[in-house]
Structure formats: C-alpha cells, structure tokens
Amino acid sequence: MTETAVERAARTEVEPKLRIEKLGVAYAGRVAVRDVSFGLPTNTVTALIGPSGCGKSTVLRALDRMHDEVPEAEVTGRVLLDGEDVYAPHVDPIEVRRRIGMVFQKANPFPKSIFDNVAFGLRVGGLRNRTELAARVEEALRHAALWDEVSDRLGKSALGLSGGQQQRLCIARALAVRPEILLLDEPTSALDPIATEAIEALIDRLRGEITMAMVTHSLAQARRVADHVAFFYLGELVEHGPAGEVLEHPRDERTAAYVGGRVG
Ligand SMILES: Nc1ncnc2c1ncn2[C@@H]1O[C@H](COP(=O)(O)OP(=O)(O)OP(=O)(O)O)[C@@H](O)[C@H]1O
Ligand SMILES: [Mg+2]
C-alpha cells in the first residue's frame, strides 16, 4: 500500500532519519558497546559524549558499516535508515557509505589536488562529465564554506592547505556525494579555536539540511552545536535527549558527574 503525503508527513515527524535498535559491538569477542538504542532526528545535530573508551567511535562506525572492514569486529542489532536496516542482507555497504558520510578527528585528504579530493567519490560513482564534475565540486566546496579560499587553486595539492582548511576539505569530500547523514568523530579536536569556530559555523549551517551525529570531548562544543545529546559510559547509552535537558538537567547520576566535570 502506498503512503499518502499526509501519512508520510505524520510518520517523518516522529520517525528519526536513523534509528539505532539494540546495537551491540564486540571486538574479538570482547563487548565494547551493548544494547544501544536511540535515534538521529531528521536534519538535527546529535552529540555523542562520554569519557574516553566508552564506545562513542565504536557506535559511530557501526552506523555506516565501517566495522565490516574489521574482521574481529562483530555487530548485532539494527540500524534503520529511513526505516530500512543498513545491515539487511541485500543492502550494499558501499551505498550505505554514500548515504552516510564520515569525517574523522584527523583531516585525511588524499595526496591529490583539491579538485580531485572533492571529485573522488563522484568519480567512483561513475560521474565522468567534466562540466558536471566541476559544478558538483564547486557546490560541495561552497557547502563546506571553503570555496572562497580555494577557488583559485583547485589544481594544487590538498596537502598545502592549513589543518582547518584540510578538515573542511574532508567535509566537502564527504558532502560531494550528497549524503543524507554526516558522521563526525571529534572533527575539531586537532584544530585551533579559530579553525574550530569555522567548523562549528559550518555544522550550524548544515543543520536543517542534513542529519548529523558528532562525537565530541568538549561539553562547551556540545552546548554550542547540539540539538540532542547522547551520553555514553562504559559501553552503554546512559542518557539521551534534548541537549538542554541532558547537559543542564541530567536525570542519571553518571551523566551528572560527567557534565558536572567530576569524571571523564
Ligand atoms: N579495533 C579495535 N579492536 C579492539 N578493541 C577496540 C577496537 N576499537 C576500539 N576498541 C575498544 O573498544 C572500546 C571502545 O572504544 P572507542 O574507540 O569506541 O571509544 P571512544 O569512546 O571513541 O573513546 P575516545 O574518546 O578515546 O575516542 C575501548 O575499550 C577500545 O579499546
Ligand atoms: Mg573515539
């Protein structure tokens, strides 16, 4: 039965873009995260916070099937993208990673030109037309607030950019294939305050257009950019909700200790 527009609107209002259900990850039989369930509401920013080693990156990597590449990693549970499990047998992990982009702590541009970095995923996807490629590269660089700084040197090596520019380039590279979700694992922890501000402003601009999940060790950053916060502790999701509630009025004692600066 096909859905009417009204039914669809009603569903998407409550249905998160990505729903994580009873997610568990073990490495070589050792449980790293267990029984994690929460959603990423459409076109909002969810911050994943918690002490080092609590499983934040492990959860993030499960969302776009990056653990597929790690033989000792075992994932259980479901990750529903628009209601469909990304781990379902017929689903192509490459397509999952096109729809769910990832940006890492350390900017990792390829040793190629700025243009070729951004065009990379488009070419892998089969786009060959030069005019269209150029248009999509410009679109992604503008989206990542980098165009004005690099438009006159697209053919130069990406490795000649500053750390903050390299990170925005990695965001542009991720955005070029028009993902629906962007995962960011401590995207500013290697950057100075000015570069951090530029990335935060960018995340703020992307809000409303793309669904984001960002791991951060900075509670100040979570306060500045997050709509929702998920607090992890020892491999479990302890608390999840609107940022103001979790950060200012946590319900769990462990969350209170962390956001109050007593642990972590
Ligand atoms: N590839 C791996 N093989 C084995 N154990 C791993 C692997 N990756 C992570 N772990 C373990 O899983 C647990 C969770 O690690 P994870 O990197 O997800 O934590 P994190 O919350 O992201 O920490 P940090 O804030 O330091 O980045 C840790 O005990 C870690 O040692
Ligand atoms: Mg991590």
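Predicted model: local features only at pLDDT ≥ 70, side-chain atom pairs only at ≥ 80, totals over all residues.
Me: Which exposed residues sit on the face of H8 turned away from its buried side?

Reply: Pro-193, Ile-194, Asp-204 and Arg-205. Residues are numbered from 1 along each chain as its sequence is written, and chains are lettered from A and ligands numbered from 1 in the order in which they are written.

Me: Which residues of H8 are buried?

Reply: Ala-198, Ile-199, Leu-202 and Ile-203. Here's the general idea: an α-helix has 3.6 residues a turn, so residues three or four places apart point the same way. In this case, looking down the axis of H8, the buried residues fall within an arc of 135 degrees, so they line one face. That arc is taken from the directions from the helix axis to the C-beta atoms.

Me: What do the buried residues of H8 pack against?

Reply: They pack against E3, H7, strand E8 (211-215) and helix H9 (219-225). A contact needs two C-beta atoms, placed from the backbone, within 7 Å. The H and E labels are DSSP runs numbered from the N terminus: helices are H or I with at least four residues, strands are E with at least two.

Me: How many Å does H8 reach from its first C-alpha to its last?

Reply: H8 covers residues 193-206, which is 14 residues, and reaches 20 Å, close to the 20 Å expected. The expected span is 1.5 Å times one less than the number of residues. After H8 comes Gly-208, with a positive phi near 95 degrees.

Me: What is the strand order in the open sheet?

Reply: Its 6 strands go E6-E7-E8-E3-E9-E10, with mixed pairing. Two strands pair if DSSP finds at least two bridges between them. E6 (100-103) and E10 (236-242) are at the edges with a single partner strand each, so one side of each has no neighbour in the sheet. From one strand to the next, the twist averages 15 degrees. Helix H7 (residues 163-176) packs on the sheet, touching E6 and E7 (181-185), and its direction makes about 170 degrees with that of E6. Such angles run from 0 to 180 degrees between N-to-C directions, using lines fitted to C-alpha atoms, for helices over the stretch in contact.

Me: Do E9 and E10 run parallel or antiparallel?

Reply: E9 and E10 run antiparallel, joined by 6 bridges. One bridge pairs Phe-232 with Leu-237 in E10. Their hairpin has 2 residues between the strands, and Leu-234 there takes a positive phi near 50 degrees. By contrast, E3 (residues 45-49) and E9 (residues 228-233) run parallel, with 4 bridges; Ala-47 has Val-229 in E9 as its bridge partner.

Me: What covers the buried residues of H4?

Reply: The cover includes H5, helix H6 (147-150) and H7. Among the buried residues of H4 (residues 114-124) are Ile-114, Val-118 and Leu-122.

How values were computed
Buried ≥ 20, exposed ≤ 12 C-beta atoms within 10 Å, placed from the backbone.
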